[in-house]
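Subject: Structure for you to look at

Hello,

Please find the sequence and the structure below. My notes on what was found follow after them.

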Amino acid sequence: MSAVIESHHDDHHHGPAKGFSRWLYTTNHKDIGSLYLWFSFIMLFVGGAMAMVIRAELFEPGSQIVSPEFYNQMVTNHGLIMVFGVIMPAFVGLANWMIPMQIGAPDMALPRLNNLSFWILPAAFGVLLSTFLMEGGAPNFGWTFYAPLSTEYAPPTVTFFIFSVHIMGASSIMGSINIITTILNMRAPGMTLMKMPLFVWSWLITAYLLIAVMPVLAGAVTMMLMDIHFGTSFFNAAGGGDPVLFQHVFWFFGHPEVYIMILPAFGIISHIIETFSRKPIFGYSSMVYAIASIALLSFVVWAHHMFTVGMPIAGELFFMYSTMLIAIPTGVKVFNWLSTMFRGSLTFETPMLFAIAFVALFTIGGLSGLMLAIAPADFQYHDTYFVVAHFHYVLVPGALFSIVAAVYYWLPKWTGYMYDEVLGKTHFWLSFISVNLTFFPMHFVGLAGMPRRIPDYAMQFADYNMIVSVGAFLFGLSQLLFLFNVLKCVYYGKSATAEVWEGAKGKGLEWTVDSPAPYHTFETSPDLTKPQTNS
Amino acid sequence: MSSESSYYVPASSRLPIFMALSLLLFVYGAGYTINDLGKEDSYSHWILISSFLMMWGTMFFWFSEVIKENDSGMYSDQLNTSFVHGMSWFIFSEVMFFFAFFLALGYVRIFAVPWLGGEGEKGITNILWPGFEASWPLMETPDNERFPGAHHNMSIPHISKIHTWLPFWNTLCLVTSSGTIALAEAALKKDNRKAFKLWMVVTLTLGYIFVVLQSVEYYEAYAHMGLTLGAGIYGTTFFLMTGFHGFHVCLGAIILTIMTIRGFRGAFSEHDHFGLAAGSWYWHFVDVVWILLVLVVYVF
């Protein structure tokens, strides 16, 4: 047995391998976390460039820059990349970095699977992006790929789209199996479930949602593949199927999916607010129960995306009420964050600024969601820019801001260096102003009837659209500042202390290890059953 | 050894990147092969075939490595628990994959087809194909030119003719095999290797009989019943649901074949046989799916 233990020690004591192959062969959760985060960062600029094309086209009414066909490809791929290539990988990257450190584990439970989950992601997006060069052009049916647009009327590249979605799904499922196994099996002694940091809790529930719904997405695209190439009639009424069936299957996946993109944010924001309020989080257990209820409710609200499609009235009512129920646990979370800040010793470093902006702006997105949940009103709002405003408010100043906040919050722990606070605050204020400039006027044009996904619009929407485009360009440019700040931190930053933030004392295991965190954090799990000194 | 301090983390590995490459090849291979269906001069299926070879090769080396590491005692109890969690959640993901198809069948039978036939709250849909009548199994599709319905269906016959009905024998095989693999596992736990091997062979035989009978059923469907993938929503759901199930039976049979071979070569011990246990859970899972499938596809 001693030989075994020695070889095991060899594994643990060496640092990262040299050269590029380190990144190809790595099984280290920190390396893989960094890979996920850099991949997501690159895709943010790819998907962002597509958004810039969209906003350039919509800068003025009339056909301006790109053909309607190419515009459709831009809209479709912007959505797919931002959802599957930016927000989700970024959260998985954060999970990889932080979960083992927060629960006191040596690494992720299944390290080789972890590497595989990451490396099939660039493969999937490589395939998706390569469809731009293929005959018939890239997918052009919207990120929701409704049949029959995505079946009978789809370009031939839809086959590659289907298989790349399969690969993205496989990546998410394997990543989630790893995360859920790590959380359930690798916690340090004494870390009971109800003592877990909220980021870990949010990911435990997110991983469960992912494993439950990604296979349903795989089923949906498989049905498409069969309908397109093998003569089946799932989504074809001529054979007894129904195009609406596609929407049911898709949104059964799609609604939990949108919570997959926000639940980890809830965890991150809870940590940041408690740190910079110098108080423990208000209502820890209610936070856990709120996340769990949101996750469970997400399985029974999907058809609120399809109120106008022709559903029995009982269905409309059921999905309307169940959707409104979600406002309750979400409200619990928002008020818990506010109560945490109430009478706290607040300071406003960059992560805290992004976190407060998250609470305010995500709530705006939540409230417009409540408006959309009212079935009779939704008949008016459906497929207008109001919907675009709604989901961009929850995804950009919601999910994306939480990711940016997390990067600023944990970057000193990852790199060992502080980022430039002045640059960080500049980045925040530019992002905050431009994100509102971009998405707030969309509410107005949407309520006035401007349809989404159309490359042209009526004259009366011209002024607002110009403002939106200017805001979008500014937002795009501000993110270059973010990139610059991260690189500056890595190469020229000042050294950070182990605790990094004054308020981080006692706010989790990650602040008890050095900055940068050692390549292998906890070779021996910390014993939390003993009283903590938290030096 | 204490399980916390000795969790085995492999230093680095070339296996995952090879797997990722083979999946990349698979996507291009499968995509071009399917898009080129019917073209004579296409070479794309060679990409697909080579991706499969690469995938299987990588899996072979990956599993060999895991077995080697386990045999040399590098795996703690805690790591084995990770495998248990991993396999259980993987099976849960498979359950949800089938759920999508059960959802589709339910929606079609409860809503879509009756509405097309003019019944129910959205019966107005009947104006698309006036005169179309809803029934299940759907033998005549709304547009019977484009999707010619089947002449016969696979539904359960009168109880006196049950012995002529293949799904009856299929169910018998699969349910029995679920029992025999449990017996094999129990024998292994008692270190009765002779009984273990015997029950493994019985399980495999029953599994292969199922696959053969299912192929016979598909042949009958295509050759004599007009029941094809293009036979409207009945054929669609019939083939996709039984097909994906059959595919999973094949996977399970491959897993169990490998486990049997390993068993004959002396692998596994009373306490350490996770590969076999995982294979047997997978086998129980395909069995449960089959029972649900028989109920909604064949019986009701």
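**Notes on the model**

A:Pro516 sits in the segment after β2 (494–495) of chain A; helices (H or I, at least four residues) and strands (E, at least two) are DSSP runs, numbered from the N terminus. The peptide bond that leads from A:Ser515 into A:Pro516 is cis, with omega near -5 degrees.

Before going on, some conventions. This is a predicted model, in which local features need pLDDT of at least 70 and side-chain atom pairs count only at pLDDT 80 or more, while totals for chains, interfaces and linings use all residues. Residues are numbered from 1 along each chain as its sequence is written, and chains are lettered from A and ligands numbered from 1 in the order in which they are written.

**Chain A as a whole**

Chain A has 17 helices and 2 strands. Its C-alpha atoms fill a box of roughly 70 × 55 × 45 Å along the principal axes. The radius of gyration is taken over C-alpha atoms, and the globule rule is 2.2 Å times the number of residues to the power 0.38. For 535 residues a compact globule would come out near 24 Å, so the 23 Å of chain A agrees with the rule.

**Backbone details in chain A**

Another cis peptide bond joins A:Ala147 and A:Pro148, with omega about 0 degrees. A:Pro148 is in the loop between α5 and α6 of chain A. A:Asp383 is not a glycine, yet has a positive phi of about 60 degrees. A:Asp383 belongs to the loop between α14 (375–381) and α15 (385–415) of chain A.

**Two helix pairs**

Two packed helices are described by the angle between their axes and the distance between the axes. Axes here are lines fitted to C-alpha atoms, for helices over the stretch in contact, and angles run from 0 to 180 degrees between N-to-C directions.

In chain A, the axes of helix α9 (residues 263–277) and helix α13 (residues 350–373) come within 9 Å and cross at roughly 120 degrees. α9(A) is therefore oblique to α13(A) (under 35 degrees counts as roughly parallel, over 145 as roughly antiparallel, 65 to 115 as roughly perpendicular and the rest as oblique). The contact is made by residues including A:Ile269 and A:Phe276 of α9(A) and A:Met352 and A:Phe358 of α13(A); two residues are in contact if their C-beta atoms, placed from the backbone, lie within 7 Å. By class, this contact has 9 nonpolar, no polar and no charged residues (Ala, Val, Leu, Ile, Met, Phe, Trp, Tyr, Cys and Pro count as nonpolar, Asp, Glu, Lys and Arg as charged, and the others, Gly among them, as polar).

In chain B, helix α5 (residues 193–224) and helix α6 (residues 232–264) pack at an angle of about 155 degrees, with their axes 10 Å apart. That makes α5(B) roughly antiparallel to α6(B). Among the residues that meet are B:Phe196 and B:Leu204 in α5(B) and B:Val249 and B:Leu256 in α6(B). The contact of α5(B) with α6(B) divides into 12 nonpolar, 9 polar and 1 charged.

**Where the chains meet**

How many residues of chain A are in contact with chain B? There are 66 residues of chain A in contact with 66 residues of chain B. Elements that give two or more residues to the chain A side include α1 (2–13), α6 (158–185) and α7 (198–229) of chain A. The residues of that side are 41 nonpolar, 21 polar and 4 charged.

Regards
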